Amino acid sequence: MSTRKTDLIDAALAGIGRTAERSMRMNQSAAARLGINATDMQVLQLLQSGPRTSGELAKLTGLTTASMTGLIDRLEKAGFVTRVRDLTDRRRVLVHLDDARARADIAPLYGPLLGTWRRALSAYTVEELTVITDFLARVEQGFDKELGPQAN
């Protein structure tokens, strides 16, 4: 492997690390602006992909189920989530993100950043975007492999 390629790989890996750190800081900042904590924000982000049980959320965040119950109580009281009985299994309760509240209060916090990313991506060709999306998919696969069954 050429020195230039090795240097570019090292630069890309360093960039991923800096991006992860900035993402964490962005989430902490957004949480503070919403009057919630970073773990609450993490749960709201997990719920963007669809409803989950409190047990699933506890497993994904590393919290105990008792702690997750308290967290969901806080988010429900603040109007960010609702609890709904699962229609297919009435014993299960699913936690749903309140889409209207998310659009009104959360989306504006991330909108400028997403706009910046969209403008940056618009500068690339279709071929370059294909490489970028392939790379990001491989990064996700690496995370999923390392995280195992709890990845999703």
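# Briefing on a predicted helix-and-strand chain

Read along its sequence, the protein chain follows the pattern α-α-β-α-α-β-β-α-α, and its secondary structure comes to six helices and three strands. The model is predicted, and along its principal axes the C-alpha trace of the chain spans about 60 × 35 × 25 Å. Of the 152 residues in the protein chain, 22% count as buried. Among the contacts between residues at least 6 apart in sequence, 44% join residues that are at least 24 apart.

**The largest pocket**

- The largest pocket holds about 2500 Å³ of space, and of the 49 residues that line this pocket, the closest to its centre are Thr-19, Ala-20, Ser-23, Trp-117 and Phe-143.
- The elements that give two or more residues to this lining are helix H1 (3-34), helix H2 (38-47), helix H3 (54-61), helix H5 (99-122) and helix H6 (126-147).
- Among the contributors to the lining of the largest pocket, H1 gives the most, with 17 residues.
- Sorted by class, the lining of the largest pocket consists of 29 nonpolar, 13 polar and seven charged residues.

**Helix H4**

- Helix H4 covers residues 65-77, and at 1.5 Å a residue its 13 residues should span 18 Å, which agrees with the 18 Å that separates its end C-alpha atoms.
- Within H4, the residues Met-68, Leu-71, Ile-72 and Leu-75 are buried.
- Seen down the axis of H4, the buried residues fall within an arc of 100°, and they therefore line one face of the helix.
- On the other side of H4, by contrast, Ala-66 and Lys-77 are exposed.
- The cover over the buried residues of H4 includes H2 and H3, together with strand E2 (81-85) and strand E3 (93-97).
- Just after H4, Gly-79 takes a positive phi of about 85°.

**Ile-106 in helix H5**

- Ile-106 is found in helix H5, one of the helices that give two or more residues to the lining of the largest pocket.
- With a relative accessible area of 6%, Ile-106 counts as buried, because buried means under 20% relative accessible area.
- When residues up to four places away in sequence are not counted, Ile-106 touches Leu-34, Leu-44, Phe-80 and Arg-101.
- Ile-106 and Met-26 are 80 residues apart in sequence, while in space they are 12 Å apart, taken from C-alpha to C-alpha.

Terms used: Residues are numbered from 1 along each chain as its sequence is written. This is a predicted model: local features need pLDDT of at least 70, side-chain atom pairs count only at pLDDT 80 or more; totals for chains, interfaces and linings use all residues. Side-chain values use heavy atoms; hydrogens and water are left out. On a 1 Å grid over the protein atoms alone, a cavity is a set of points where a 1.4 Å probe fits but cannot get out, and a pocket is an open set with protein on both sides within 12 Å along at least five of seven lines; lining residues have an atom within 4 Å of a point. Grid points are joined across faces, edges and corners, and a volume is the space filled by probe spheres set on the points. Helices (H or I, at least four residues) and strands (E, at least two) are DSSP runs, numbered from the N terminus. Ala, Val, Leu, Ile, Met, Phe, Trp, Tyr, Cys and Pro count as nonpolar, Asp, Glu, Lys and Arg as charged, and the others, Gly among them, as polar. The expected span of a helix is 1.5 Å times one less than its number of residues. Buried means under 20% relative accessible area, exposed over 50%, partly exposed in between (1.4 Å probe, protein chains only). The arc is that of the directions from the helix axis to the C-beta atoms. Contact means heavy atoms within 4.5 Å.
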